[in-house]
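Colleague: I would like a close look at one part of this model. Please keep the answer in one piece and give the cut-offs as you go.

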Amino acid sequence: MVYCNYCPGYCCYRLEGSVLLLTATDINRLARHFRISDGEVRKRYLENKYTFKVREDGSCIFQATDRVVRRCTVHEARPDQCRRFPYGNPCPYLEREDLLERIQPLIEKCLRPVATF
Ligand code: SF4
Ligand code: SF4
């Protein structure tokens, strides 16, 4: 979707009511990507049986933190749900001001330039 090229990755934040459900295939794809076992993927990156850990700001642990346009650091091995979203529909994040209002401040906080002296 062309908007994704300019979006800071709103869909990679955990919001109330949203959930990323991982399958065994997703875990195995990541395991092959990192060249570690499925169990090690679960141990390192999963919060519970079905979903990734998130950072304090609610962003997925695999979302890049050092770019203005935020990207998935495991793009080639991302889960099916991430591949399919928004399922052929217009992206709901770009249409809901209530969602954008909640996420935008978090993104701007992350992207604030670090002062150099
Ligand atoms: S699917 Fe929507 S929220 Fe996700 S990156 Fe694309 S435009 Fe942004
Ligand atoms: S795996 Fe990648 S695309 Fe999926 S939520 Fe995390 S950062 Fe976003």
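Modeller: First, the conventions. This is a predicted model, in which local features need pLDDT of at least 70 and side-chain atom pairs count only at pLDDT 80 or more, while totals for chains, interfaces and linings use all residues. Residues are numbered from 1 along each chain as its sequence is written, and chains are lettered from A and ligands numbered from 1 in the order in which they are written.

The protein chain has four helices and zero strands (DSSP runs numbered from the N terminus: helices are H or I of at least four residues, strands E of at least two). Confidence is expressed as pLDDT (the predictor's per-residue value, from 0 to 100). Its mean over the protein chain is 86, and 88% of the residues reach 70 or more. Helix 1 has the highest confidence, with a mean of 98, and helix 4 (residues 97–111) the lowest, at 77.

Helix 1 makes the contact (C-beta atoms, placed from the backbone, within 7 Å) through Ile-27, Asn-28, Leu-30, Ala-31 and Phe-34, and helix 2 through Asp-38, Val-41 and Arg-42. By class, these residues are five nonpolar, one polar and two charged (nonpolar: Ala, Val, Leu, Ile, Met, Phe, Trp, Tyr, Cys and Pro; charged: Asp, Glu, Lys and Arg; polar: the others, Gly among them).

The loop between the two helices contains Arg-35. Arg-35 has a phi near 60 degrees, a positive value in a residue other than glycine. Most residues other than glycine have a negative phi. Arg-35 counts as exposed because it has 7 C-beta neighbours inside 10 Å (exposed: 12 or fewer other C-beta atoms within 10 Å of its own; buried: 20 or more; partly exposed: in between; C-beta atoms placed from the backbone). In the protein chain of 117 residues, 16% are buried.

How values were computed. Contact = placed C-beta atoms within 7 Å.
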